[in-house]
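The sequence and structure come first.

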Amino acid sequence: MTIVVGVTGGIAAYKTVSLVRGFVLAGHDVHVVPTEAALRFVGTPTWEAVSRNPVTADLYDGVDEVRHVALGQKADLIVIAPATANTIAKLAHGIADDLLTNTVLASKAPVVIAPAMHTGMWQAPATQANVRTLRERGVVVVGPASGQLTGSDSGPGRMEEPDDIARAALTHVLGQAPATQGSAAPASAARSRRARVDSASAGTRLDLDGLRVVVTAGGTREPFDPVRFMGNRSSGKQGMAIAAAAAARGAVVTLIAANVGTDAVPDGIAVESVSTTLELEKAVTDAAGDADVVIMAAAVADYRPAQVQQGKIKKEHTGDRLTVEFVVNPDILAELSAARPEGQLVIGFAAETEKDPATLLELGRSKIARKGCDFLVVNNVGWNHGFATDDNDVIVLNRAGDIVMEASGTKLSVADRILDATLSRVP
Ligand code: PMT
C-alpha cells in the first residue's frame, strides 16, 4: 500500500519517526510530507532515512512532475501525525498553501489525523468545529490522548502512540475495503483487498493473535406475515467495526450479522447471516461454544409476534385497527452469560435513550447486574445518534458497575477502545 505520512509542526513529530518505520517494515511504500514547521522538530535526513524515499516540504520542488497531484493520486492512505490545530483548520477549510495540504486536497485516499496540541487549543470552539467538519467528511480522528503535555500542564492534547495510530489507520482502510462477498467484484479487487488485509495485519500490533472472537451486529426482524416485520434501525456499523478491528489485531473472528449487508466485511472474517432473534440465538450459541470472547452488539428484539400469518394480513379483514400479540424472546445475552465456559469473556451493549448521565449510568448498572455479562458498553441512542451513524459515544462498565473506559469518535475508533478496555482481561 502507498501511504503518505504528513507531519506538521509539533514536538510529537519525533514519535512519527517510529510510525513511519513501522509502516516501512510492514512493507508499505511510505512518502513523508513534512510542513516547514515540522522540519524544525525533525529534519529531512531522518525522514528520508526511515521512509527510504526522497522527502521535500516544498510545493515548488519537482514541479515538472506535479508532485502534489502525483502523491495524492497514488496514495492509498494519508496519515497526518501530529496534526496541529493550524493544519486541522486548513484541512477543514480547504486551504492549500503547502505541499501537504495540496496533496490532501488532490487526493481521494482515506485520511487519518492524529491531533497533538495544548489542551486549550484542542478544546477551543474553533478547533472542535473544524474537527467536527473533518469527521463529517469521513476523516478519521485518532486521539488526542490525555496526559502530561510538553509543559507543566496536563489534559487532552497528547498525540496517540504510533502503534495505535497505525492500527486505527489500517483498520479504517480495512473498513473501506471494496465489496467482494456475493458481488461481482473483479479478481484483482479481491487480490488487492487480500493484500490490504495482510499488510494491515502486518502493520499493526497483533495483540489479539489467535483469540477466537464472536461478534453480533445489526438488528433482528420479527415477521408478522410474509411481507412485514417489526425491526429496528441498527445498521450493523458498530458491530462490524468491532469485528474488523479485532480481525486487524489478529483475532479469529466470527460475525453473526442480522439483516445487514456484509459486502464490506474484510476477508478472513467468517460471516453468518441471520434474521430473527431465534436464528441469532442459535447462531451465536453455536459459535460461542469454543469462543474466547462473545460481543453482543446486535440490537435484539425483546418480543416477537405470537403468531406469524402465512398469508399477507389484509386491511379488508383487520379493519381500522390491527392488534398484534407479542411474546417475549429469549434474552440471549443473559443466557450466554449464565452458560459461559470458564475463562470466556461476554460483553454486552446497552442502548438507552436516557439523556441524564447519572440516570444513564444507573440504567447501565442495573442492566449489567440483570444480564450477568463481564462488561457492558452503554451507548445513548436516539433519532439521530447511536443507530445508523458513523460515530458513537460509549461508557464501558465492569460487573461491579464501575466505569472502566469512556470513548467517543468513529465507530471504528470506539471499537478499538472497547477491545483495549475489555480484552486485556482475557486470561
Ligand atoms: O448498528 P449501528 O447502527 O452501528 O448501531 C449500534 C447499536 C446502537 C445498535 C449498538 O451500539 C448497540 O447498542 N447494540 C445493542 C442494542 C440493544 O439491543 O440494546 P438493549 O439495551 O436492548 O440490549 C442489551 C443487550 O442485550 C445487548 O447486548 C443485546 O444484544 C442483548 N439482548 C437484548 C435483547 C434480547 N432479547 N437478547 C439479547 O441478547
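## Basis

Helices (H or I, at least four residues) and strands (E, at least two) are DSSP runs, numbered from the N terminus. The model is predicted: local features need pLDDT of at least 70, side-chain atom pairs count only at pLDDT 80 or more, and totals for chains, interfaces and linings use all residues. Residues are numbered from 1 along each chain as its sequence is written, and side-chain values use heavy atoms, with hydrogens and water left out.

## Domains

The domain assignment divides the protein chain into domain 1 (2–201) and domain 2 (212–425); such bounds come from an automatic or database domain assignment. Between the C-alpha centres of domain 1 and domain 2 the distance is 33 Å.

An unreviewed UniProt entry lists residues 208–421 as "domain: DNA/pantothenate metabolism flavoprotein C-terminal". UniProt positions are given in the numbering used here, feature names are shortened, and annotations may be inferred rather than shown by experiment. In the model, the span 208–421 is 29% helix and 31% strand, and its end C-alpha atoms lie 13 Å apart.

Strand E1 (residues 2–7) is mostly covered, with six of its six residues buried. Buried means under 20% relative accessible area, exposed over 50%, and partly exposed in between (1.4 Å probe, protein chains only). In a regular strand the side chains alternate between the two faces of the sheet. Both faces of E1 are covered: Thr-2, Val-4 and Gly-6 are buried on one side, and Ile-3, Val-5 and Val-7 on the other.

E1 pairs in the parallel sense with strand E2 (residues 29–34) over six bridges; two strands pair if DSSP finds at least two bridges between them. Gly-6 stands opposite Val-33 in E2. From E1 the chain passes through helix H1 (residues 13–25) to E2, a right-handed β-α-β crossover. Right-handed here means that, with the strands pointing away from the viewer, the path from the first strand over the helix to the second runs clockwise.

E1 also pairs with strand E3 (residues 77–83), in the parallel sense and over four bridges. The bridge partner of Gly-6 in E3 is Ile-80.

## Helix H3

Which residues of helix H3 (residues 44–51) are buried? They are Trp-47, Val-50 and Ser-51. Seen down the axis of H3, these buried residues fall within an arc of 90°, so they line one face of the helix. The arc is that of the directions from the helix axis to the C-beta atoms.

The buried residues of H3 pack against E1, H1, E2 and helix H2 (36–39), where contact means heavy atoms within 4.5 Å. On the face turned away from the buried side, H3 carries the exposed residues Pro-45 and Ala-49. Just after H3, Arg-52 takes a positive phi of about 60°.

## Backbone details

The peptide bond from Ala-81 to Pro-82 is cis, with omega near -5°, and Pro-82 lies in strand E3. A cis peptide bond also joins Gly-143 to Pro-144, with omega near 5°. Pro-144 sits in the loop between strand E5 (140–141) and strand E6 (145–148).

Asn-259 is not a glycine but has a positive phi of about 60°. Its place is the loop between strand E11 (252–258) and strand E12 (270–274), and Asn-259 is partly exposed, with a relative accessible area of 24%. Ala-388, also a residue other than glycine, has a positive phi near 60°. Ala-388 is in the loop between strand E17 (375–380) and strand E18 (391–398) and is partly exposed, at a relative accessible area of 41%.
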